[in-house]
Amino acid sequence: MSDLLARHRAVMPNWMALYYNEPIEIVGGKGNRVVDANGKSYLDFFAGILTNMIGYDVAEVREAVERQLATGVVHTSTLYLIRGQVELAEKIARLSGIPDAKVFFTNSGTEANETALLLATYARGSDQVLAMRQSYHGRSFGAVSVTSNRSWKNNSLSPLNVHFLHGADKHLAQFRGMSDADYIAACVDDLRHVLATAVTKDVAALIAEPIQGVGGFTMAPDGLFAAYKEVLDEEGILFISDEVQTGWGRTGSAFFGIQNHGVTPDMMTFAKGLGNGFAVGGVVARGDLMDGPHAAGVATFGGNPISMAAANATLDYVLDHDLQANAARTGEIIIGGLREAAPRLPVVGDVRGKGLMFAVELVDPATKAPAPALAARFLEETRNLGLLVGKGGLYGNTLRMAPPLTLTEDEAREGLGILVTALEAVNDEAR
C-alpha cells in the first residue's frame, strides 16, 4: 500500500470510496488526458464525475481565473455586488427558457437541490415531495430523502414526506417488453394512483433527473416527463429538473436534459461541469418562486468571484465552440460502436446513453443477472489500457462514462477501441 493511501485511510471516512485495487493520484492534465503520480497517461472518460466538462488546462478558463486573482479579490460574499455573478445569472436565465427566471448560486449540486426543495415546499406550504425510483440528488439530509438507491441512503429519517415514482425502471418484470408509449401510459396511471392514495392535497413538487447519474445513466423515455407534467399542472405541483449531470449540452440533443421531453420546468438545479472543476452550483427558477421566501438568505461562498470567472469562461467556451453538437457527433461514434459490439459479447446486458453520457451494463453471461464483480474487473482492465471510466447503477454493475465535451472524433474512436478490448477480455474471463 502506498504511503498516500495509508495516510488517506487514516484520516478520511471509510465511506469515501476510492476506485481501483491500487488507487491512483492524478497530478497533471492537458486536453482530455490526465497523468498519474507514476507518470502513466489516461484518456479521461469520467472527467472527475462529469465535472471537468471541457477538459484540463483550458487557456480561456485559466486566464479568466488569473485575471480575477490579479485583482486581489478572491471573496466578497453575496452582501456585495459581484459583476461575474450577475453576468452568469443573465446567461443561465436566458438559456433556461424559464419565464422571468432568477438564479441563486451555491457550491454544489447537493446544496442546489436543497435550495430548490426549500423553494418548492415554501411555495406550496407542504412537505410532500415526489421523486423517482433509482434517483440520486446528493448526500445531505434533505437530498438523501429524495434519493432512491439504498447504496447511497444512510437512514429513513427525512425532513420531507416523499413518494417515489416509476419512470426509469423499464427493466422490471411488470414493464419489460412494453413499448415506450405503453410504458409512459403505465407510469402516468401510477402517478395518478399515488396522488389518489398516498398523499393529501398540495404536493409541493416532483424532483427528477432527466438521466439518472448514480443510477447508471438509466433514463425515462423521451416524453414521459411531459406526460407527468400534464398531471402535475392539474394540481399545481411544481417540477424541479435536476440538471447537475445532464446540463450544458451533454446529451447532444438538447442543452438541458429535460428539453428532450419538450418540457420547461419550474426550476432547474445545476452544478458539476459549469465551473470546469471550480466549485459552483445553483438553481434557476421562476422569479415568483425564487422571490417567495420571507426570511433573509445569503451564500457565503456561492457565486464567489473566482468560481464565477471560471464558470463564465466555461459556459462561453461551450457556446462559442458548439460543444452540444460535438457531444452528439462523438457520442454517436462511441454509443454506435458499443451497440455494434454488444451482440457478440454475452457479458453486455445493455448499452444506453445520449451524446457524451453513456453506459454499459454488465451481466452474468449465463443467468443475465447483474454482475458487479465483472464491472469492477472492467474498471481495472480499462485503467491498465489507459482509460478512466466510472462505475455505478442500482446494482453496481454499470460502467458509466461522460468524457469532456471537447472530446475529438479521434479520441472517441480511441476510447471506443479500449472499451471494446476491455469488454472482450472480461467476456472471455466470464465464459
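Which residues in helix 7 meet which residues in helix 8? The legends below take up this contact and several other places in the structure.

This is a predicted model, in which local features need pLDDT of at least 70 and side-chain atom pairs count only at pLDDT 80 or more, while totals for chains, interfaces and linings use all residues. Residues are numbered from 1 along each chain as its sequence is written, and side-chain values use heavy atoms, with hydrogens and water left out.

**Figure 1. Helix 7 and helix 8 meet each other.** On the side of helix 7 the contact (heavy atoms within 4.5 Å) involves Ile184, Cys187, Val188, Leu191, Arg192 and Leu195, and on the side of helix 8 it involves Leu224, Ala227, Tyr228, Val231, Leu232, Glu234 and Glu235. By class, this contact has 10 nonpolar, no polar and 3 charged residues, where Ala, Val, Leu, Ile, Met, Phe, Trp, Tyr, Cys and Pro count as nonpolar, Asp, Glu, Lys and Arg as charged, and the others, Gly among them, as polar. Helices (H or I, at least four residues) and strands (E, at least two) are DSSP runs, numbered from the N terminus. The axes of helix 7 (residues 180-197) and helix 8 (residues 224-235) come within 9 Å and cross at roughly 25 degrees; axes are lines fitted to C-alpha atoms, for helices over the stretch in contact, and angles run from 0 to 180 degrees between N-to-C directions. The two helices are therefore roughly parallel to each other, since angles under 35 degrees count as roughly parallel, over 145 as roughly antiparallel, 65 to 115 as roughly perpendicular and the rest as oblique.

**Figure 2. Helix 12 crosses helix 13 at roughly 135 degrees.** The axes of helix 12 (residues 372-384) and helix 13 (residues 409-430) come within 9 Å, and the angle makes helix 12 oblique to helix 13. Helix 12 contributes Leu374, Arg377, Phe378, Glu381 and Thr382 to the contact, whereas helix 13 contributes Leu419, Ala422, Leu423, Ala425, Val426, Glu429 and Ala430. Sorted by class, these are 8 nonpolar, 1 polar and 3 charged residues.

**Figure 3. Tyr228 is among the residues with the most contacts inside the largest nonpolar core.** Such a core is a set of buried Ala, Val, Leu, Ile, Met, Phe, Trp, Tyr and Cys residues joined through side-chain atoms within 4.5 Å, and buried means under 20% relative accessible area, exposed over 50%, partly exposed in between (1.4 Å probe, protein chains only). The largest core has 99 residues, and Phe45, Ile92 and Leu419 are also among those with the most contacts inside it. Its largest share, 9 residues, comes from helix 10 (residues 305-320).

**Figure 4. Isoleucine 258 lies in the loop between strand 10 (238-242) and strand 11 (267-270).** With a relative accessible area of 0%, isoleucine 258 is buried. Not counting residues up to four places away in sequence, isoleucine 258 touches Pro210, Phe225, Phe239, Ser241, Glu243, Val263, Pro265 and Met268.

Figure 5. Most residues other than glycine have a negative phi. Leucine 50, although not a glycine, has a positive phi of about 65 degrees; leucine 50 is placed in helix 2 and, at 2% relative accessibility, counts as buried. Aspartate 202, which is not a glycine, has a positive phi of about 65 degrees; aspartate 202 lies in the loop between helix 7 and strand 7 (205-208) and, at 33% relative accessibility, counts as partly exposed.
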